[in-house]
Amino acid sequence: MPGEPIITADSLSKTYRIWTHPAARLTAPLWQTAARCVPRGTSYRRRLDVRAHSGYRDFKALQPLSFTIRRGEATGIIGRNGSGKSTLLQLIAGTLTPSTGGVTVNGRVAALLELGSGFNPDFTGRENVFLNGAILGFSRREMEEKFDEIAAFADIGAFIEEPVKTYSSGMMMRLAFAVAVCVQPDVLIIDEALSVGDVFFTQRCFQRIREIVHRGATLIFVSHDTAAVQNLCDRGLLLHDGKMVYDGAPEDCVSRYFNLHQPSRNELAEAPLPNAERRHPEIDAQVREALVAADVLSSAKTRHGDRGLEFIAAAAIDGQGSATWDYETLHRSTIRVLLRANQDIALPSVGLQVHDRYGNLVFAAGTPQLRFDLPALKAGEEIMLDFRLTLNLHPSVYSLSLDAAELDANDPNIGNFFDRVGGLGPLTLSHNAPGAMPFYGIAQLPMDISYA
């Protein structure tokens with residue numbers, strides 16, 4: 001469980017000065033100095049101030065924000081490019097000076113910010129290991145004791161004795177990560193660095209990160225890989241335009257991240273809508289009544305959105321038409337949902353997610369992925385959909401999440417989420433048939449066997 005505060009940010013912000021032309025770096029300070037020599041309130045003082053400010057503009061990369069991260073927490077920070085993620089990490093790591101406020105870190109920080117940062121390109125890998133160790137406060141003897149472990153984890157062979165400038169980006173990341181995790185930091189900061197490694201090394205990295213967090217270290221992880229954030233972290237911070245707009249569960253943080261891009265009504269009106277003239281089938285009144293009676297939405301663990309497109313009812317139905325959450329593995333379930341449009345929806349989209357007992361995303365798909373184009377909906381219209389799943393999953397307990405959104409006409413992977421329902425279930429899968437288990441692992445992949 002998280003312990004005492006290890007990182008405390010108080011009204012932390014960062015503003016960069018953008019110069020209109022190179023000479024303004026010299027002239028603007030001179031005009032400012034001249035203005036300070038003139039009494040305030042005079043017209044001459046105002047002209048000097050205007051002249052000084054004409055040479056630059058201020059860009060607020062990070063608005064004042066305050067938060068606390070406790071020892072042992074794994075915190076993911078997500079946001080679109082330019083949202084202030086890297087600036088925040090550099091302020092925490094101490095490589096940037098804040099414009100206002102401050103940040104206090106109680107412990108040793110190991111940071112993987114930009115590939116090659118902290119490395120001297122003319123030094124060998126071995127020399128850079130000792131250099132980084134000295135930066136982190138370790139003596140040469142301590143680093144000599146850790147060197148074999150670092151070299152083994154990096155696994156770059158004889159290149160450890162070659163200059164870093166000859167390394168590929170993947171080799172550089174291997175060495176930087178090996179140093180960061182083998183010195184047992186109190187705070188481990190990772191900014192997108194794991195995106196350049198091969199799959200096997202990345203798996204080793206994630207395993208080592210889990211071990212470090214389990215031992216009580218604090219993780220701050222920045223990535224556009226939202227699945228990795230949900231897998232590694234127990235807390236999510238969402239930044240947008242330099243502001244923190246959400247602090248809470250990683251799953252909710254990720255859904256709000258995807259909801260940041262909201263196509264305007266004008267964009268949707270101008271876009272071609274191939275399904276605008278199509279109509280959805282009429283809903284059978286008895287089927288609707290049965291679904292409402294079996295509805296499980298009230299049991300959801302989380303729910304948010306402005307309900308422009310809203311789930312009215314949802315249930316899991318077996319092959320005999322009965323509502324149930326208990327199934328045999330490899331059998332089929334139908335997830336039936338009823339939705340109502342509370343405003344005109346040009347490109348409606350509905351999706352389903354399956355999570356395992358640890359909260360890891362096992363599977364997710366929706367109408368765009370299934371090539372099931374929904375017709376445009378008018379305010380007040382309802383649709384009923386059946387998602388038919390073959391439960392090729394290991395016997396265990398799972399949960400479901402549902403999404404209702406409006407797609408961006410230019411990008412089917414982006415949309416405006418109206419209703420996000422999380423934590424439905426639990427969906428329990430068992431294996432009661434005699435004989436060997438049908439497969440091992442998380443999910444069954446299509447496979448057969450024959451003599452070669």
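Helices (H or I, at least four residues) and strands (E, at least two) are taken here as DSSP runs, numbered from the N terminus. The model is a predicted one, so local features need pLDDT of at least 70 and side-chain atom pairs count only at pLDDT 80 or more, while totals for chains, interfaces and linings use all residues. Residues are numbered from 1 along each chain as its sequence is written, and side-chain values use heavy atoms, with hydrogens and water left out.

Start with the loop between β15 (361-366) and β16, which is where Thr367 lies. Thr367 is buried at a relative accessible area of 4%, buried meaning under 20%, exposed over 50% and partly exposed in between (1.4 Å probe, protein chains only). Leaving out neighbours within four places in sequence, Thr367 is in contact with Pro348, Ser349, Val350, Phe372 and Leu374; contact means heavy atoms within 4.5 Å.

β16 itself belongs to an open sheet of three strands, ordered β11-β13-β16, with antiparallel pairing. Two strands pair if DSSP finds at least two bridges between them. β11 (309-317) and β16 (382-390) sit at the edges with a single partner strand each, so one side of each has no neighbour in the sheet. From one strand to the next, the twist averages 20 degrees. Between β11 and β13 (residues 332-341), which run antiparallel, there are eight bridges; Ile317, for instance, has Thr334 in β13 as its bridge partner. Helix α11 (residues 285-293) packs on this sheet and touches β11, β13 and β16, its direction making about 100 degrees with that of β13. Axes are lines fitted to C-alpha atoms, for helices over the stretch in contact, and angles run from 0 to 180 degrees between N-to-C directions.

In α3 (residues 85-93), the buried residues are Lys85, Thr87, Leu88, Leu89, Leu91 and Ile92. Asp49 and Ala28 are 21 residues apart in sequence, with their C-alpha atoms 9.3 Å apart in space.

What about Phe123? This residue is found in the loop between β5 (109-112) and α4 (125-135), and at 33% relative accessibility Phe123 counts as partly exposed.
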